[in-house]
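Colleague: I am new to this structure and would like a short tour of it. May I put some questions to you as we look at it?
Modeller: Please do; here it is.

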Amino acid sequence: MKKPDLVISIVNHSNPELLHDCLRTLYATTRDSSFEVWIVDNATDGRGVDAMRRDFPQVRWLFNTERKGFSANHNQVLRQARGRHFCIFNDDTIVHEGAFDALVRFMDDNPRVGMAGARLLNADGTIQNCTFRPMSLAGQLFDIVFLPRPLHFLKAMAIDPAQYGHDEARVSWVLGACIVVREEALAEVGLLDEQMSPLGNTEDTDWCVRAWKAGWEVAFCPEAVITHLTSRSFRPSDTGADKVRIELWRTRLAYFRKHHGRLHETAMRAILVGTLPYNSAVLTQTLLRGRMSLPEYRKQLATFLGISQMGLRARV
């Protein structure tokens, strides 16, 4: 049996309206490539599943009996599906005309590209950050610390400007909302790191960096356009520390340990711990000036405390 051009893996996080729209636009806009869609139902309440199975009977479903993380869910599909190319894809997306056809065509025209990402847009049509330079300690410092307005440009230093252009480009890594991987590259690079992303944070960086290390290129394909509704699959709780944000920094710490060794890990820990006094002072000043509510102050302070405490642990 001939392999499809593309296998698309999507995780259902009990957002049936989002996922239904994703599937509707995916099938309506992909015309030239053969493809299969696999959905991993992440132990949801089942709301909307019957309607989707009725409207899209060609979709293949896997059902978890317990909640799993981003990588573990997609790896279930990557292990058993067969295709020339694979795509890990978010459910909170809207596919523009010909996006997946463009990605398949791009991969076929560029045999040294092991992974590629699409141009991602925000809901208002503006460009969403989706192409990045190598992850650095300086970038992590600028990201976690509150900066005065004249220095906000430092937070954008990690962004690869290719995302603003119209030309294909080779980049360090692309956002995990949409990554297409070649079958041969997947065989060499391996699956997503399940320890790197219980929720879904730094697994995309790790995967792309591993592809470069294995001799494959990672690319940006601007012809493929997808609207990404900005992580609506993962919503932090209204009270208490932002566990999703804390998890993000845990995975970044794990990334530096994995790819750069103990010295960089130690420096990363110093950033997580050392920025707490300054960030706490800025938060307190903002509260006293009446520019932040007390509940928001408590939530952000608890989040920074959680990040700092993680930096002190022997192993995370």
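Colleague: Which residues of α7 are buried?
Modeller: Glu203, Asp204, Thr205, Asp206, Trp207, Cys208, Val209, Arg210 and Ala211 are buried in α7. Buried means under 20% relative accessible area, exposed over 50% and partly exposed in between, with a 1.4 Å probe and protein chains only. Helices (H or I, at least four residues) and strands (E, at least two) are DSSP runs, numbered from the N terminus. This is a predicted model, in which local features need pLDDT of at least 70 and side-chain atom pairs count only at pLDDT 80 or more, while totals for chains, interfaces and linings use all residues. Residues are numbered from 1 along each chain as its sequence is written, and side-chain values use heavy atoms, with hydrogens and water left out.

Colleague: Why is α7 largely enclosed by the rest of the structure?
Modeller: Nine of its eleven residues are buried, so α7 is largely enclosed. After α7 comes Gly215, with a positive phi near 95 degrees.

Colleague: Next, the domains. How is the chain divided?
Modeller: Domain 1 covers 6-228 and domain 2 covers 243-312; such bounds come from an automatic or database domain assignment. Their centres, taken over C-alpha atoms, are separated by 27 Å.

Colleague: How many residues of each domain are in contact?
Modeller: 23 residues of domain 1 are in contact with 27 residues of domain 2, where contact means heavy atoms within 4.5 Å. The area buried between the two domains is about 2,100 Å², and carbon and sulfur atoms give 66% of it. Buried area is the accessible area (1.4 Å probe) that two parts lose on being put together, summed over both.

Colleague: Which residues of domain 1 lose the most area to domain 2?
Modeller: Those are Leu137, Ile144 and Phe146, together 35% of what that side buries.

Colleague: And how many salt bridges are found across that interface?
Modeller: The rule finds three between domain 1 and domain 2; a salt bridge is a side-chain nitrogen of Lys or Arg within 4 Å of a carboxyl oxygen of Asp or Glu. On the side of domain 1 that touches domain 2, α5 (137-144) and α7 (203-213) are the elements that give two or more residues.

Colleague: A change of topic: where is Val113 placed?
Modeller: Val113 lies in strand β6, residues 113-121. Val113 counts as buried because its relative accessibility is 0%.

Colleague: What is Val113 in contact with, leaving aside neighbours within four places in sequence?
Modeller: Its contacts are Phe106, Met107, Arg170, Arg182, Trp216, Glu217 and Ala219.
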